[in-house]
Amino acid sequence: MERSGEGQAGSGRADSGRADSGRADSGRAGAVGFRPLYRQVYDTLLKRLADAVWQPGQILPSEGQLAAELGVSQGTVRKALDALTADSLLVRRQGRGTFVADHDDKQSVFRFLKLRPDGDGTGMPTSRVTGIAEAAASADERGRLDLVRSARVVRIERVRAVDAKLCVVETISVPAGLFPGIAQIELPNTLYSLYATRYGITIATANERLKAVAIGPREAELLQVPAGTPALEIDRVAIDLEERPVEWRLSTCLTQDIHYLSVLR
């Protein structure tokens, strides 16, 4: 049953319209026939998320409907949905169904924000934009975002507070071609929600590098501390569902009242 189901899952991709048109070829799963069937279903559903077939906050069809469409068992669909939920791309709501994750949700905010207060605060961040402009991409930006030499970026500078305590300066670079007009709009606290709802770009993963630094003059001015104050620098590249680097974020963090929390499994 599982073997015959693999062919049916592949045909489900071919029949799903926009969701499947961007796949290099639907035979990819067939080329690696040993790949678990639920992972093939995972890839099919992931492609639909990447193509914005389902919008953030939207409810998905039922497990039974998806199983019938893809020609696989309901258990296989459930396993694929469980994996997408574990990757924080979907949200299960008891008695209501499965929804596309919305980056405004508290759990989504904390999926990418690892700064926590030392005390008993909630750790919820707020932000204020201090500068935004479009410019030619620097060598570092081209390297981090895999851009061509002629590319342009939008640079965003903002300060963030955790539990109302000012503690972070962020410099964010995004490809101007992917985010047209972003420099002219009022930016929300959670940028990843804006990326998803306005530009159809969903952040799937992020690679971070941490190091100890001394705060420079600009960051010192914004955080109201002496230049040279010790800080934590977080260098993050955010990757979307199509495995493209779409944001480079450099955060300088004061750690007198906060810490970086990483849960290892």
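This is a predicted model: local features need pLDDT of at least 70, side-chain atom pairs count only at pLDDT 80 or more; totals for chains, interfaces and linings use all residues.
Let's start in helix α9, with Y192 and Y195: they sit 3 residues apart in that helix, so about one helical turn separates them.

Y195 has another partner, F179. Here the ring centres are 4.7 Å apart and the planes meet at 50 degrees, so this pair is tilted as well. What I like about this one is where the two residues come from. F179 belongs to the loop between β6 (165-175) and α9 (191-199), while Y195 is in helix α9, and the pair links distant parts of the chain, 16 residues apart. F179 and Y195 are both buried.

If you step back, you can see that F179, Y192, Y195 and Y199 make up one aromatic cluster. The structure as a whole has 3 aromatic pairs.

Now, how much of helix α9 is covered? Mostly covered is the answer, with 7 of its 9 residues buried. Those buried residues are L191, Y192, S193, L194, Y195, A196 and Y199.

Let me zoom out for a moment. The protein chain contains 10 helices and 10 strands. Of its 265 residues, 47% are buried. And if we take contacts between residues at least 6 apart in sequence, 61% of them join residues at least 24 apart.

S251 has a relative accessibility of 6%, so it counts as buried. Setting aside residues up to four places away in sequence, S251 touches V168, V169, E170, L232, E233 and I234.

T252 is also found in β9. Is T252 buried or exposed? With a relative accessible area of 8%, it falls under the 20% cut-off, so T252 is buried.

Next, a pair of helices. In general, two packed helices are described by the angle between their axes and the distance between the axes. Helix α4 spans residues 37-50 and helix α5 spans residues 63-70; they pack at about 105 degrees, with axes 12 Å apart. That angle is why α4 and α5 are described as roughly perpendicular to each other. Which residues make the contact? From α4 we have V41, T44, L45 and R48, and from α5 we have L66, E69 and L70. By type, the residues of this contact divide into 4 nonpolar, 1 polar and 2 charged.

Finally, let's go back to rings, this time with a charge above them. R39 lies over the face of Y42, 4.0 Å from the ring centre. R93 does something you can look for in your viewer too: its charged end sits over the ring of F99, at 4.6 Å from the centre.

Definitions and conventions. Residues are numbered from 1 along each chain as its sequence is written. Side-chain values use heavy atoms; hydrogens and water are left out. Axes are lines fitted to C-alpha atoms, for helices over the stretch in contact, and angles run from 0 to 180 degrees between N-to-C directions. Helices (H or I, at least four residues) and strands (E, at least two) are DSSP runs, numbered from the N terminus. Angles under 35 degrees count as roughly parallel, over 145 as roughly antiparallel, 65 to 115 as roughly perpendicular and the rest as oblique. Contact means heavy atoms within 4.5 Å. Ala, Val, Leu, Ile, Met, Phe, Trp, Tyr, Cys and Pro count as nonpolar, Asp, Glu, Lys and Arg as charged, and the others, Gly among them, as polar. Rings of Phe, Tyr and Trp (its six-membered ring) pair if their centres lie within 6.5 Å; planes under 30 degrees apart count as stacked, over 60 as edge-to-face and the rest as tilted. Buried means under 20% relative accessible area, exposed over 50%, partly exposed in between (1.4 Å probe, protein chains only). A charge sits over a ring if NZ of Lys or CZ of Arg is within 6 Å of the ring centre and within 35 degrees of the ring normal.
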